[in-house]
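Dear colleague,

I am passing on the structure below, together with some notes for someone who has not worked with it before. Please read the notes with the structure open beside them.

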Amino acid sequence: MTNNQLQMTNFKFTEDNLTKLKEEFTHYPSKKPVVMKALWLAQEQNGYISQEVIKEIADLLEMNPADVLGVVTFYTMYQQKQMGKFHIQVCTNVSCMLRGGYEIFKLVKEKLGIDNLDVTEDGKFSIEEVECMGACGGAPMIAVNEDYYENFTQEKVTEILDSLKQSN
Ligand code: FES
């Protein structure tokens with residue numbers, strides 16, 4: 001099967017994830033408020049939010065696919081392509097920018113040899129410049145997957161990349 005054929009494969013939630021979503025539905029008068037949870041589960045299952053994922057969620061939650069896509073594009077936690085095993089998000093919004101966020105972003109790109117939203121050839125790392133992640137008190141900050149690193153410095157860039165390179 002080619003990659004193109006794979007991309008056209010319909011996305012279906014696993015039974016386990018469907019059970020979780022059905023439980024969420026019981027908390028709301030309509031299914032729409034469950035869209036963020038559904039997208040998160042889909043991303044965990046599929047790796048990223050594809051067109052097929054959007055269609056499946058829209059069908060399941062009785063929503064317009066464009067509205068589901070609107071949620072995907074609004075929040076930086078949703079990815080529309082497969083990212084690296086370690087997805088590094090660097091905040092360059094005001095608080096982080098004033099404390100060196102851009103320099104950190106530039107250095108991580110240089111060290112990995114990739115540009116914004118790219119993935120390293122081995123699939124291990126990807127990088128994304130993001131807006132405020134709500135951790136301004138610890139600016140500048142970066143996130144590696146779901147872990148936040150606050151009061152980050154350029155010196156710590158090499159340290160963290162080296163330790164991630166060694167982990168499996
Ligand atoms: S400005 Fe960077 S976390 Fe808020």
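In this model, which is predicted, helix α2 spans residues 15-25, and its buried residues are Asn17, Leu18, Leu21, Glu24 and Phe25. These residues cover an arc of only 115° around the axis, so they lie on the same side of α2. The background to such a pattern is that an α-helix has 3.6 residues a turn, so residues three or four places apart point the same way. On the face of α2 that is turned away from the buried side, one finds the exposed residues Glu15, Asp16 and Lys22.

The aromatic rings come next. How many aromatic pairs does the model hold? The count comes to five. One of them joins Phe86 and Phe125, whose ring centres are 5.8 Å apart and whose planes stand at 35°, which is why the pair is classed as tilted: stacked would need an angle under 30 degrees, and edge-to-face one over 60. This pair links distant parts of the chain, with Phe86 in strand β1 (residues 86-91) and Phe125 in strand β2 (residues 125-130), 39 residues apart.

Tyr149 and Phe152 form an aromatic pair of the edge-to-face kind, with 6.5 Å from centre to centre and 65° between the planes.

Turning finally to the surface, you will find a nonpolar patch made up of Val94, Met97, Leu98 and Tyr102, which together have about 400 Å² of accessible area. Which helix gives the most to this patch? That is helix α6 (residues 94-98), which contributes three residues, and Val94 is among the residues found in this helix.

With kind regards

Methods. Residues numbered from 1 in each chain as written. Predicted model: local features only at pLDDT ≥ 70, side-chain atom pairs only at ≥ 80, totals over all residues. Heavy atoms only, no water. Phe/Tyr/Trp six-rings, centres within 6.5 Å; stacked < 30°, edge-to-face > 60°. Helix = DSSP H or I, 4+ residues; strand = E, 2+ residues; numbered from the N terminus. Patch = residues over 30% accessible without salt bridge, like charges linked within 9 Å, V, L, I, M, F, W, Y side chains within 5 Å. Areas by Shrake-Rupley, 256 points an atom, 1.4 Å probe, with all protein chains shown as cover. Salt bridge = Lys/Arg side-chain N within 4 Å of Asp/Glu carboxyl O. Buried < 20%, exposed > 50% of the residue type's maximum accessible area, 1.4 Å probe, protein only. Arc of directions from axis to C-beta.
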